[in-house]
Structures are given as C-alpha cells and as structure tokens.
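Student: I would like to learn how to read a structure such as this one. Please go through it feature by feature.

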Amino acid sequence: MSPAELFDECRKRHHGLESYSASMVAINDEMAAWDTPLSEDDEVLFFPPVAGG
Amino acid sequence: MNTFEISSSTIDLEAFRQQLIDPACGAYVQFDGWVRDHNEGQQVLQLEYEVYEPLAVKEGQRIIAEAVERFGVNNACAVHRAGLMELTEVAVVVGVSSPHRGEAFDACRYIIDQAKMRLPIWKKEYYASGAAEWVNCQRCAHAV
C-alpha cells in the first residue's frame, strides 16, 4: 500500500476530505512521495497545503 | 555554519548575522520576511504560525544543505518563527555568506522559495474585521 492508497481509504471513512494532490505526506517524520511503498508500523502524516514564510 | 531553526520568540538578528561572519567571505546576503498589514484586500492585525517542528527542522536543514551544495556558498542559516506575531516582526530570516555576491543572492533566494513550499508551517491571519483565516498556499492552490 502507498500513502495515496491509504489516503483514499481515509476519504471513504471521513467526510470532508478532498483530493490529496495539494497536500504533502511524511513517513516516519521524513517527507515522502505519494507512491512510496509503506511498511508495517510506518507512521504516515498527511499535511494540508502549507503557507509559511 | 549551516543551521535551520524554529524559534517561538523574537529572532535576534545581530546574533543571527554574527554566526555567518567568515573571513573567507566577501559577500553576505540576508532576507527578512516581515509581518505585513494586508493580504488579498483584507487588513491584517496579527499572524500566527503553526509549525510541525520535528519535520520542519529536518526539512529546513535539508533545504540549507541543498543550497550549499548547489550554489557552493560557505555558510547558510535560516530561522522561522512559530506562534503569534505582530505587524513588522521578522517571521523568517535567511542569511548566506560566500566569497562573492552572485552565489549568495542565488542561494538566499533558493532557501526562502523552497522553505515556503516545503516546510510544514501554516499561517493564520487575524483581520481588522474580527475574522481569522488559515492562508492557502498559492502554489498548492494552483496545483489542485
């Protein structure tokens, strides 16, 4: 499973989540690509679009 | 000296500059991002930055390392604020020192541009109207 597939699973369960295309994903506190293969016990973080600076 | 930090208190700009002083360098470029009193037609009174710090620090250090590698500058540092901020306060500072000015300008620009796109930092604006809103990332909005 990839973060993209995981996000799609979350969308099925939680109303109001939209497409992830504008968001970022981190695996175990490292920024990652949406198609990175996940391993067991990975911690996945989804970020809304950022606007720092 | 290459560092990236998140600070929840006022940035000491003189101390920041001191750490970049290097006798091998003839150029120092610094960018300050200030809290501005308007955005998209609204009068802004205050800003708040929410930072996911473990990742912001790691990704910020990576951006600094990329700039040093890519432009060959001697030193690059940046500090980004977290928390509530007043008008004219320094929200972010980037400093680069190098033997000559060209690569220092380029590296400074690279760091602030990448920081805005990649750091997990969110900005909330408080308006004169009493409303408050999380600001969307423009580049991200266009990517949708």
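Student: How many helices and strands are there in chain A?

Tutor: First, the ground rules. This is a predicted model, where local features need pLDDT of at least 70, side-chain atom pairs count only at pLDDT 80 or more, and totals for chains, interfaces and linings use all residues. Residues are numbered from 1 along each chain as its sequence is written, chains are lettered from A and ligands numbered from 1 in the order in which they are written, and side-chain values use heavy atoms, leaving out hydrogens and water. Helices (H or I, at least four residues) and strands (E, at least two) are DSSP runs, numbered from the N terminus. Chain A has one helix and three strands, and from the N terminus on they run α-β-β-β.

Student: What percentage of the residues in chain A is buried?

Tutor: Buried means under 20% relative accessible area, exposed over 50%, and partly exposed in between, with a 1.4 Å probe and protein chains only. Of the 53 residues in chain A, 38% are buried.

Student: Which strands form the open sheet in chain B, and in what order?

Tutor: Two strands pair if DSSP finds at least two bridges between them. In chain B, four strands form an open sheet in the order β1-β5-β7-β2, with mixed pairing. The edge strands of chain B are β1 (2–7) and β2 (27–34), each pairing on one side only. Strands β5 (residues 75–81) and β7 (residues 90–98) of chain B pair in the antiparallel sense over six bridges. In that β7(B), B:Val96 is the bridge partner of B:Ala76.

Student: Which strands does helix α2 of chain B touch?

Tutor: Contact means heavy atoms within 4.5 Å. For directions, axes are lines fitted to C-alpha atoms, for helices over the stretch in contact, and angles run from 0 to 180 degrees between N-to-C directions. Helix α2 (residues 53–71) of chain B packs on the sheet and touches β1 and β5 of chain B, its direction making about 150° with that of β1(B). Helix α3 (residues 101–118) of chain B lies across β2, β5 and β7 of chain B, at about 150° to β7(B).

Student: Why does B:Arg81 count as buried?

Tutor: B:Arg81 counts as buried because its relative accessibility is 3%. B:Arg81 lies in strand β5 of chain B.

Student: Which backbone oxygen does the side chain of B:Arg81 reach at 3.3 Å?

Tutor: A polar contact is a pair of N or O atoms within 3.5 Å; within protein, one must be able to donate a hydrogen and the other to accept it, and residues adjacent in sequence count only if both atoms are side-chain atoms. The B:Arg81 side chain reaches the backbone oxygen of B:Ser7 at 3.3 Å and that of B:Ser9 at 3.4 Å.
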